Structure formats: C-alpha cells, structure tokens
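Subject: A structure for you to look at

Hi,

Here is the structure I promised to pass on. Have a look at it first, then read my notes below.

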Amino acid sequence: MKKIDQTRQWLTKNLSLLRCPKCGRAFVTVLDYSLACQQGHVWNLNKKRFCLFS
Ligand SMILES: [Zn+2]
C-alpha cells in the first residue's frame with residue numbers, strides 16, 4: 001500500500017476530528033486524494049504544504 005493510500009484511509013476514519021485550515025469548518029468528504037470542507041475548500045493530499053492540524 002502506498003503511503004498516500006494509508007493517509008487517505010486514516011483520513012476517512014478520522015474525518016470528523018479534522019477541521020479546514022482555511023475556514024475552521026468540518027470536512028464533509030474525501031474525494032480521491034483530496035478533502036472538501038463544508039465551504040467547498042479542497043485540500044489535495046499530494047501537496048507537501050497540506051497540514052492536518054494547522
Ligand atoms: Zn474550508
């Protein structure tokens with residue numbers, strides 16, 4: 001399993017624990033390798049600047 005897939009699996013399990021770094025709202029879905037929040041901000045997991053806890 002690729003690291004990105006492990007990350008994605010973890011995110012799917014823990015989605016409710018995370019908040020969008022931009023607007024602070026909860027994420028609603030995992031789209032392929034991206035997360036989308038309630039405001040429609042999309043965070044690509046492949047980008048190094050993506051930070052789960054910022
Ligand atoms: Zn947002």
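Let's start with the sheet: its 3 strands sit in the order β1-β2-β3, it is open, and the pairing is antiparallel. At the edges are β1 (27–31) and β3 (42–44), each of which pairs on one side only. From one strand to the next, the twist averages 20°. Keep in mind that this is a predicted model.

Now zoom in on one pair. Strand β2 (residues 34–37) and β3 run antiparallel and are joined by 3 bridges. If you want to find one of the partners yourself, go to serine 34: its bridge partner in β3 is asparagine 44.

Next, step back to the whole chain. The protein has 1 helix as well as the 3 strands, and along the sequence they follow the pattern α-β-β-β.

How much of the protein counts as buried? Of its 54 residues, 9% do. As for contacts between residues at least 6 apart in sequence, 20% join residues that are at least 24 apart.

Then there's the inside. Which residues make up the largest nonpolar core? There are 5 of them: Cys20, Phe27, Leu35, Cys37 and Trp43. As a bit of background, nonpolar side chains tend to be buried together in soluble globular proteins.

Leaving out residues up to four places away in sequence, phenylalanine 27 touches Leu15, Leu18, Cys20, Leu35, Ala36 and Cys37. Cys20, Leu35 and Cys37 also belong to that core.

Cheers

Conventions: Residues are numbered from 1 along each chain as its sequence is written. This is a predicted model: local features need pLDDT of at least 70, side-chain atom pairs count only at pLDDT 80 or more; totals for chains, interfaces and linings use all residues. Helices (H or I, at least four residues) and strands (E, at least two) are DSSP runs, numbered from the N terminus. A residue is buried if 20 or more other C-beta atoms lie within 10 Å of its own, exposed if 12 or fewer, and partly exposed in between; C-beta atoms are placed from the backbone. Two residues are in contact if their C-beta atoms, placed from the backbone, lie within 7 Å. Two strands pair if DSSP finds at least two bridges between them. Axes are lines fitted to C-alpha atoms, for helices over the stretch in contact, and angles run from 0 to 180 degrees between N-to-C directions. A nonpolar core is a set of buried Ala, Val, Leu, Ile, Met, Phe, Trp, Tyr and Cys residues joined through C-beta atoms within 7 Å.
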